[in-house]
Amino acid sequence: MSDIDFSIIIPVYNEAKSLSYLHKELTEYLDIEWERFKYEVIYIDDGSRDQSYNTLKEISKDPKVTIIKFLSNYGKSAALQAGFDIAKGNIFITIDSDLQHIPSDIPR
């Protein structure tokens with residue numbers, strides 16, 4: 001069994017404007033509400049054409065973050081599978097990068 005309780009897997013496609021906010025809200029929520037758990041966040045850049053990857057490189061300074069970069073857009077299913085393939089958590093949680101889901105939705 002892994003020492004990581006859960007992995008949050010986030011496919012990204014042209015979401016540079018929302019990524020920093022998403023990551024801030026996500027980690028603040030998890031660090032306060034779920035402080036007893038160990039987690040990782042995996043972002044998969046699905047061939048974005050905006051500055052998403054550069055934003056993800058900044059976010060990846062957080063040691064809990066891993067990024068995967070696709071050279072082309074392969075779609076959400078492929079991005080999720082790539083995240084599942086490297087995830088170390090005992091539980092996987094997927095959320096979208098466009099802020100459709102807020103971190104407090106995770107327990108639901």
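Phe6 stands opposite Ile91 in strand E4. I start with that pair because it belongs to the contact between two strands: E1, residues 6-12, and E4 pair in the parallel sense over four bridges. Before going on, note that this is a predicted model.

Now the sheet around that pair. Four strands form an open sheet in the order E3-E2-E1-E4, and the pairing is parallel. Which strands stand at the edges? Strand E3, residues 65-70, and strand E4, residues 91-94, do. Each has a single partner strand, so one side of each is left without a neighbour in the sheet. On average, neighbouring strands of this sheet are turned by 20° against each other, direction ignored.

Next, the helices that pack on the sheet. Helix H1 covers residues 16-33 and touches E1, E3 and strand E2, which is residues 39-46. The direction of H1 makes about 165° with that of E2. Helix H3, residues 76-86, also packs on the sheet, and it touches E1, E2, E3 and E4. For H3 the angle is about 140°, taken with the direction of E3.

Let me stay with H3. Which of its residues are buried? Ala79, Leu80, Ala82 and Gly83 are. Seen down the axis of H3, the buried residues fall within an arc of 155°, so they line one face of the helix. On the other side of H3, Ser77 and Asp85 are exposed. The buried residues of H3 pack against E1, E2, E3 and E4.

Now the whole chain. The protein has three helices and four strands. Along the sequence they follow the pattern β-α-β-α-β-α-β. The radius of gyration is 13 Å, close to the 13 Å that the globule rule gives for 108 residues, so the protein is as compact as a globular protein of that length. The C-alpha trace spans about 35 × 25 × 25 Å along its principal axes.

A few totals go with that. Of the 108 residues, 46% count as buried. Take the contacts between residues at least 6 apart in sequence: 79% of them join residues at least 24 apart. The accessible surface comes to about 6300 Å², and 50% of that belongs to carbon and sulfur atoms.

Last, two residues with a backbone detail. Asn14 lies in the loop between E1 and H1. Its phi is near 55°, a positive value in a residue other than glycine.

With 33% relative accessibility, Leu99 counts as partly exposed.

Terms used
Residues numbered from 1 in each chain as written. Predicted model: local features only at pLDDT ≥ 70, side-chain atom pairs only at ≥ 80, totals over all residues. Heavy atoms only, no water. Axes fitted to C-alpha atoms, helices over the stretch in contact; angles between N-to-C directions. Contact = heavy atoms within 4.5 Å. Buried < 20%, exposed > 50% of the residue type's maximum accessible area, 1.4 Å probe, protein only. Arc of directions from axis to C-beta. Rg over C-alpha atoms; globule rule 2.2 N^0.38 Å. Areas by Shrake-Rupley, 256 points an atom, 1.4 Å probe, with all protein chains shown as cover.
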